[in-house]
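User: I am new to this structure and would like to learn how to read it. Please show it to me, and we can go through some features in turn.

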Amino acid sequence: RGPINIAAEGTLALSRLIRLAGKMPAPVLMPFTWPVVEFLRRQALLVSQPLVQELLKYPCMLDTRRMREDLCFEPAHTSDDTLRAFAEREAMKSYT
């Protein structure tokens, strides 16, 4: 029946991801993203794939119903728990 999406419960807004990374979100004017990103990529100031700009405009949402029903799998942690643990671990790297 095709591939099965595996993902933790919960959604994460990009602004939340940015804040947990210790950064400040900034507004993005979509008509300018492609030219700016292409310029930065050509100057080797940014390593990015074209899909990144698309994800800013069209966030990825997954249906995990088959993961739970067909595989009887339930992730042990939510998306938020996982991101928070990752951010804490990354923050600790500066002290080691």
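User: Which residues are linked in a network of salt bridges?

Analyst: The general idea comes before the case. Side chains of opposite charge can pair when their charged atoms come close. In this predicted model, R16, D80 and R84 form such a linked network. The whole structure has 8 salt bridges.

User: Why do E9 and R68 count as partly exposed?

Analyst: The term covers relative accessible areas between the cut-offs of 20% and 50%. E9 is partly exposed because its relative accessible area is 47%. R68 is placed in that class because its relative accessibility is 31%.

User: With which residues does R65 form a salt bridge?

Analyst: One partner is D63, with the closest N and O atoms 3.7 Å apart. Another is E69, where the corresponding distance is 3.5 Å. R65 and E69 are both in helix α4, 4 residues apart, which is about one turn of the helix. R65 is partly exposed, at 36% relative accessibility, and D63 is partly exposed too, with a relative accessible area of 47%.

User: Now a helix. How many residues does α5 have, and how far does it reach?

Analyst: One way to read a helix is to set its span beside the expected one. Helix α5 (residues 79–93) has 15 residues and spans 21 Å from its first C-alpha to its last, close to the 21 Å expected at 1.5 Å a residue.

User: Which residues in α5 are buried?

Analyst: Here the cut-off is a relative accessible area under 20%. S79, L83 and A87 are buried in α5. They are on the same side of the helix because they cover an arc of only 60° around the axis. Among what covers the buried residues of α5 is α1 (14–20).

User: Which residues make the nonpolar surface patch?

Analyst: L14, L17, V28 and L56 make the patch, which is about 300 Å². L17 is located in helix α1 and is partly exposed, its relative accessible area being 30%.

Terms used. Residues numbered from 1 in each chain as written. Predicted model: local features only at pLDDT ≥ 70, side-chain atom pairs only at ≥ 80, totals over all residues. Heavy atoms only, no water. Helix = DSSP H or I, 4+ residues; strand = E, 2+ residues; numbered from the N terminus. Expected span 1.5 Å × (residues − 1). Buried < 20%, exposed > 50% of the residue type's maximum accessible area, 1.4 Å probe, protein only. Arc of directions from axis to C-beta. Contact = heavy atoms within 4.5 Å. Patch = residues over 30% accessible without salt bridge, like charges linked within 9 Å, V, L, I, M, F, W, Y side chains within 5 Å. Areas by Shrake-Rupley, 256 points an atom, 1.4 Å probe, with all protein chains shown as cover. Salt bridge = Lys/Arg side-chain N within 4 Å of Asp/Glu carboxyl O.
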